[in-house]
Amino acid sequence: MERVVIVTGANSGIGLALCERLLTENSQIRLCLACRNMQRAEAARSALLTSHTGACVDLLHLDVGSVRSVLTAAKEVKTRYRKIDFLYLNAGIMPNPQVDIRAFIKGLFSRNVINMFATAEGLLTQQDHLNSDGLQEVFATNLFGHFLMIRELEPLLCQAGHTSRVVWTSSSNARRSAFDIEDMQHRNGTEPYSSSKYASDMLSLALNRQKNSQGLFSSVICPGLVMTNLTYGILPSFFWTLIMPIMWLIRIFTNTFTLTPYNGAEALHWLFLQAPESLDPRAKYHSLTSGLGTNYTEPQRMDIDEEMSEALYKKLLKLETVVRRKLSEENADNKAYQQYLNETE
Ligand SMILES: NC(=O)C1=CN([C@@H]2O[C@H](COP(=O)(O)OP(=O)(O)OC[C@H]3O[C@@H](n4cnc5c(N)ncnc54)[C@H](OP(=O)(O)O)[C@@H]3O)[C@@H](O)[C@H]2O)C=CC1
Ligand SMILES: CC(C)CCC[C@@H](C)[C@H]1CC[C@H]2C3=C(CC[C@]12C)[C@@]1(C)CCC(=O)[C@@H](C)[C@@H]1CC3
């Protein structure tokens, strides 16, 4: 039977590579590219159809960082499909990244050097800001928009006699110490990316506890360090190209330098082939590439505390209520204003 697969952030990088791999290595898939930039989404669709003539590739407009857009997109999904088999929550941002050069040089001569290259711990900060919904942009895009999407699509994801999967593209940059449950949006810190990815790891665990009995299973992956628009925002692409031989060398010591989107999508595709019952809800599945270029997936236990993941889930539900209330008030105001305009005309 045809499997419905939705991928957010599918118009470039790891998301697009996943789509390519899904179509190449599996038949009977109905793929839905859920993207913010529809011009790039059209281009991605054309590229996929060129290499896979006759494939079923749909487009869906989704700005995962906007509450209104998520609700509209979810409504559209519910009219188009009767079930969802896989929902890949892949869209993500790291705005205005800054590398701490002193920490990098210090790290090069420390015993922690391999860990530094694998996780970028202590190396990266970002500048975040409030979006038009009044939420921190990184939190809204990397976590909350996806949470809202799952909540809206629950009727399709939690169906009797059917198993659905959600897969989060997290990161080894996710760090417990960057996350504060009292500041889940990371308003007060300088590592919103790390915080949002740690939150997605916790949310995945909470979703498994809450929803496995209803047929919904959640997993998290880390694609490794991949050359995409996201990494070109950290250092310019010509610089990455220049140091590519060094990167291949580093790959001998840390298999986390997957480098290409195809390699980075390894764990995402591997999960597609696994039975959900065989997966560990406390594991993060890492895409890894050996020095000789062989791809494989390996689980690593996440540093997560059940109580905090439950607390996060509850806080997200509360925020959802607030956000929905605000939206319906705005809708009522708009309606009243429109009526006033009509009457005064
Ligand atoms: N590259 C790396 O080394 C690593 C990446 N990751 C994660 O992988 C995921 C994919 O990133 P990657 O492929 O590297 O980078 P890209 O920048 O190539 O891809 C990011 C995708 O997310 C989309 N996106 C961003 N914001 C939104 C939004 N508000 N609504 C809808 N779509 C949006 C982008 O679309 P648009 O065209 O609209 O910008 C794009 O398609 C991210 O979650 C990232 O955090 C994790 C670890 C390492
Ligand atoms: C000579 C060099 C190879 C110089 C590169 C130094 C740094 C810019 C990189 C070292 C480790 C990298 C890294 C990431 C970004 C670039 C580095 C800091 C990530 C944070 C990118 C996004 C992720 O989600 C992580 C998995 C990456 C971890 C490693």
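User: Why does Ala 120 count as buried?

Analyst: Ala 120 has 19% relative accessibility. Buried means under 20% relative accessible area, exposed means over 50%, and partly exposed is what lies in between, with a 1.4 Å probe and protein chains only. The value of 19% is under that limit of 20%, so Ala 120 counts as buried. This is a predicted model, in which local features need pLDDT of at least 70 and side-chain atom pairs count only at pLDDT 80 or more, while totals for chains, interfaces and linings use all residues. Residues are numbered from 1 along each chain as its sequence is written, chains are lettered from A and ligands numbered from 1 in the order in which they are written, and side-chain values use heavy atoms, without hydrogens and water.

User: Where is Ala 120 found, and what is its phi?

Analyst: Ala 120 is in the loop between H5 and strand S6 (124-125). Helices (H or I, at least four residues) and strands (E, at least two) are DSSP runs numbered from the N terminus. Phi of Ala 120 is near 60°, a positive value in a residue other than glycine.

User: Asn 96 also has a positive phi; what is its value, and is Asn 96 buried, partly exposed or exposed?

Analyst: Phi of Asn 96 is about 45°, although Asn 96 is not a glycine. Its relative accessible area is 41%, so Asn 96 falls between 20% and 50% and is partly exposed. Asn 96 lies in the loop between strand S4 (86-89) and strand S5 (98-99).

User: Why does Ser 218 count as buried, and which side chain does it contact?

Analyst: Ser 218, in strand S8 (residues 216-222), has 6% relative accessibility and counts as buried. Its side chain is joined to that of Trp 168 by a polar contact of 3.2 Å. A polar contact is a pair of N or O atoms within 3.5 Å; within protein, one must be able to donate a hydrogen and the other to accept it, and residues adjacent in sequence count only if both atoms are side-chain atoms.

User: Why does Thr 169 count as buried, and how far apart are the C-alpha atoms of Thr 169 and Asn 90?

Analyst: Thr 169 has 8% relative accessibility and counts as buried. Thr 169 belongs to strand S7 (residues 164-169). The C-alpha atoms of Thr 169 and Asn 90 are separated by 4.9 Å, although the two residues are 79 residues apart along the chain.

User: How do you know that the buried residues of H11 are on the same side?

Analyst: In helix H11 (residues 244-253), the buried residues include Met 244, Met 247, Ile 250 and Arg 251. They cover an arc of only 110° around the axis, which puts them on the same side of H11. The arc is that of the directions from the helix axis to the C-beta atoms. On the other side of H11, Leu 249, Ile 252 and Phe 253 are exposed. An α-helix has 3.6 residues a turn, so residues three or four places apart point the same way.

User: Which residues come closest to ligand 2, and what makes up the shell around it?

Analyst: Ligand 2 is surrounded by 20 residues, and the closest are Phe 117, Leu 124, Ser 171, Ser 172 and Tyr 193. A residue is near a molecule if one of its heavy atoms lies within 4 Å of it. The shell divides into 17 nonpolar, three polar and no charged residues. H5 gives the most to this shell, with four residues.

User: Which residues come nearest to ligand 1, and which helix gives the most to the shell around it?

Analyst: Of the 30 residues around ligand 1, the nearest are Asn 11, Arg 40, Asp 63, Tyr 193 and Thr 228. A polar side-chain atom of Tyr 193 lies 2.7 Å from an oxygen atom of ligand 1, and a polar side-chain atom of Thr 228 also lies 2.7 Å from an oxygen atom of ligand 1. H9 gives the most to the shell around ligand 1, with three residues.

Technical notes
Ala, Val, Leu, Ile, Met, Phe, Trp, Tyr, Cys and Pro count as nonpolar, Asp, Glu, Lys and Arg as charged, and the others, Gly among them, as polar.
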